[in-house]
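Let's take a quick tour of one protein model, stopping at a few spots along the way. Keep the 3D view open as you read.

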Amino acid sequence: MKIRAFITHKMKERIADCQDRFAINKETKIVAVSDGVSQSIFSAYWAQLLVDHYCQFGQLTNDERVSLCDQWVKHVRNYIEEEKAKGNNPWRTESNLDEGLSAGATLCGVRFEGNQMWSCDVIGDSCLIKVGDNNEIEILSSEDKKFDNEPDYFDSHPQKKGRGDFKTYWGVLSESAKLILVSDPFSDFFFKNKADAP
């Protein structure tokens, strides 16, 4: 089995603007991708917390999410203190945090057992693309609707779960089949071009 990963940015953005994160854990045989919601604060860090946790434990319960929320808040507060120590005034970040603003992120994680068995948890428009032996494409998502600007997600605020729940899939991977974990631009691309696949 081969695993390859990369992060890139949208055409009109810089790499620093990209809120996507991924993790690979060879010991647990788990791979995860998360996309931080752009309209939230410190969403890239929240996405990193989600993929790291999922790759270590192969799950994310609501209690575990709440525990990660504490880490996210601590990180934001540390940023505020560091900025103040530099003589800067991070009033906007501090105000956002005091007003209860938080981060959101989608998540797609795949667990492998042996070389062929796999299972996947997915929430939002980060999804799993299954490419079969004859290049047929299946899009595995938690979204029953067309991809848009309001995906399901996990929230970094302890009292705000987010929107939606994990949807779970499983299967057997053949020799020539591929599993592709993608964030929203690629999810949308595969969704729009699925009918044109060879």
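Strands E3 and E8 (residues 153–155) run antiparallel to each other, paired over 2 bridges. If you want a spot to look for, find glycine 104, which sits opposite aspartate 155 in E8. Bear in mind that this is a predicted model.

Zoom out a bit and you'll see an open sheet of 3 strands, in the order E3-E8-E9, with antiparallel pairing. E3 (104–105) and E9 are the edge strands, as each of them pairs on one side only.

## A helix with two sides

Now hop over to helix H3, which covers residues 91–98. Which of the residues of H3 are buried? They are Thr93, Asn96 and Leu97. Look down the axis of H3 and these buried residues fall within an arc of 95°, so they line one face of the helix. Helix H2 (62–85) is part of what covers them.

Over on the other side of H3, Trp91 and Asp98 are exposed. After H3 comes glycine 100, with a positive phi, near 85°.

Last stop: phenylalanine 166, in the loop between strand E9 (162–163) and strand E10 (167–172).

Beyond its neighbours within four places in sequence, phenylalanine 166 is in contact with several residues, including Tyr54, Leu60, Leu107 and Phe154. Glycine 124 is 42 residues away along the chain, yet the C-alpha atoms of glycine 124 and phenylalanine 166 are separated by 8.5 Å.

How values were computed: Residues numbered from 1 in each chain as written. Predicted model: local features only at pLDDT ≥ 70, side-chain atom pairs only at ≥ 80, totals over all residues. Heavy atoms only, no water. Helix = DSSP H or I, 4+ residues; strand = E, 2+ residues; numbered from the N terminus. Contact = heavy atoms within 4.5 Å. Buried < 20%, exposed > 50% of the residue type's maximum accessible area, 1.4 Å probe, protein only. Arc of directions from axis to C-beta. Pairing = 2+ DSSP bridges.
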